[in-house]
Amino acid sequence: MGTNKLMDKLNNFFDLSENKQKTKQEKLLKIIHKLEEKKTALEQKMIKQSEIDETIPAYHEMSEELKVLSKLIKKAKKHSISD
Amino acid sequence: MFKRLIVPLIFLVFAWFIISNNDARTIIAGIAIFLIGMHYMENGFRLFSGGALETVLEKFTSTTPKAIGTGFLATAVVQSSSLVSVIIISFLSAELIGLTQAVGVVFGSNIGTTTTAWLVSSFGLKIKISQYALPMLIFGVIMQFSKQLSYKGLGSVLIGLGFIFLGIAYMKDGFETLKQGLDLAEYAMEGYLGVFVYILFGAVATVVIQSSSATMAIIITALATGQIDYINALSLAIGANVGTTVTAVIGALASNKNGKRLAVAHFIFNIITGLFAVVFIYRLKELVDFLAPVFSIASSDYAMKLALFHTIFNVVGVLLVAPFTNRMVRFLETLFQAKEMGRGQVKYLTDEVMEIPATALAALRKESIHLYDKSLEAIAHAMNLHRHEIFSETAISEVIGQSNKPIAIDVDKIYQQEIKSLYGEIIRYSSISQSYMDQEGNKAIYELKLTARRIIETVKDVRELQKNLNYYSKSHNDVIIEKYNKLRSQLVSVFRKIQQVRDFEGDEEDILTQIEVQKVKSKEHEAEMNHEIDALIRENKIDSNTASSLINDIGFTHGISKKLLKSAVTLWVKEDEIKELGDEYGHE
């Protein structure tokens, strides 16, 4: 066995890419959890606001933020599966 | 003619000396091998630590005691005060830490270097370390074939340790055989005359070898083999400490102001410590005798006692000098003042930064923020806005209403003379520092390069916008003025949002959400304005020329907003996993 082949075997043995993938997955799950928490809080805030007035700019802003949060969650979930 | 022959002549004499003298050859070869080992260890730790050393040095230096502790630990682990110094100078240049913290690290690093003496006197002399040296070299060389930088680094550390151990073994053998023919101990000198002579020897040896650790290794092996007297060895150790400052000062002559400031701090520290050690050398010797049993050091084990002496006098030095750190920092700041910076000059990128991946990235990020600030200034002025108004609490409509006078500014000139040169330096630094980085580092650099390019493009875009803005601001058609004011309002809201993000101290998820919301708003604003222009054309309120100018300028404004918001993600969101969620992240 040549030195390069031996080193490839050693590299595979010590391969850290699997660990890195795992850490990335864990991070993404945490991010999804945080984003979902923010989304839930925002939804509750919007429900309260809708009972008072839905036409104010603040409500419109909240609905835009909600759309963005949903998009981010969707993308994060996609990343967590593909990674 | 004679001058040119001096160096080759010295080499020839030196070659004759080492060829004709077996024992000297063994000792000098030991020193050379030891130095190669230090070199390998230093380079190995750079690769092996993968930025961990830099992270520790940056994070755990908030107070002087912490900085001293971190400097001690970092130097004790990597066995190289010069590596720690290089990193600290690069941190100072990139403004990652302040001078007070850096001086603290230098103090701690001085105590850290004393661990070499412990290593040599305990492992180096007590066990047959050459037996361990060879396997280390073998495994180190095998690991050099690895494709992963961290294993290559670990391999270099093993080779370094192997060579250091081998070097010590050679020195020890050399001194032992030398003793059979020549007893250097016969030249021992008593009293203060001996102290001064040997301090001078220690200092000169360190200046010549350029390593106090190597000098300490020689002193300890010579002492252990009985070639030098104990009190003379103590003086040599003080000399090594003084000599290392000369090396640092010579090295700093070509360095930037931060390097010079640290070298002078190092010099002051070692001179004060050295003076103290000289005055109290006999008292310190007694203190070592008193403390030796506490560390289970036998009274006849002079090598270990020397290591203890070396540590004690450096610790005392820190205790003496550390309370005056702030005064010293003020003095150093007045001694080497920052030069007035030209407008198109880089602020954070220095040569010291390039080779250290984590610091290079941090410096490049800071320089890109500097580029952003410069570009923001140009864009704001081109849009007849002042930054203090943009970032005030005043409502946007009021800000726009108040600032309607054209600001005399040549954006093209600013772009050519300031922005472009700054961008060019960022690209140059990125390209050079990329060669020292792994895959992840390269990805981060690519992102920063892309960001810098986006930022300068916003200045190019605003040049077109400015021409029309100033032309139509003189128009009697209120509708056109109102539309241009709307574009200006759009840019102010983007600037304010980015500033909010910069000042925000919460979750990065929130930062990204805020930026993404602003991107959506900007898109909506573009669509809304295009509809308005369509309506104005239909209602015959603007002619086709004005309409085409407005449509182009809506495109420019939206483009500037989009590019700045994308740049904000790279510059102010640190976590890669969060950044990658951004809309069109990484796309040009």
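The C-alpha centres of domain 1 of chain B and domain 2 of chain B lie 51 Å apart. The model is predicted: local features need pLDDT of at least 70, side-chain atom pairs count only at pLDDT 80 or more, and totals for chains, interfaces and linings use all residues. Residues are numbered from 1 along each chain as its sequence is written, while chains are lettered from A and ligands numbered from 1 in the order in which they are written.

**Exercise 1.** Describe the side of domain 1 of chain B that touches domain 2 of chain B.

*Solution.* Begin with the bounds: domain 1 spans 21–335 and domain 2 spans 351–579 in chain B, as given by an automatic or database domain assignment. Next, count the contacts (C-beta atoms, placed from the backbone, within 7 Å): 15 residues of domain 1 of chain B meet ten residues of domain 2 of chain B. On the domain 1 side, the elements giving two or more residues are α3 (52–59) and α5 (81–93) of chain B. Helices here are DSSP runs of H or I with at least four residues, numbered from the N terminus. The largest share, six residues, comes from α5(B).

**Exercise 2.** Assign the buried and exposed residues of α15(B) to its faces.

*Solution.* In helix α15 (residues 325–335) of chain B, the buried residues are B:M328, B:V329 and B:L332. Viewed down the axis of α15(B), they fall within an arc of 100 degrees, so they line one face of the helix; the arc is that of the directions from the helix axis to the C-beta atoms. The face turned away from the buried side carries the exposed residues B:N326, B:R327, B:R330 and B:T334.

**Exercise 3.** State which helix gives the most to the side of chain A that touches chain B.

*Solution.* Across the chains, 21 residues of chain A are in contact with 17 residues of chain B. On the chain A side, α1 (3–13), α2 (17–52) and α3 (57–82) give two or more residues. The most, eight residues, comes from α3(A).

Definitions and conventions: Two residues are in contact if their C-beta atoms, placed from the backbone, lie within 7 Å. A residue is buried if 20 or more other C-beta atoms lie within 10 Å of its own, exposed if 12 or fewer, and partly exposed in between; C-beta atoms are placed from the backbone.
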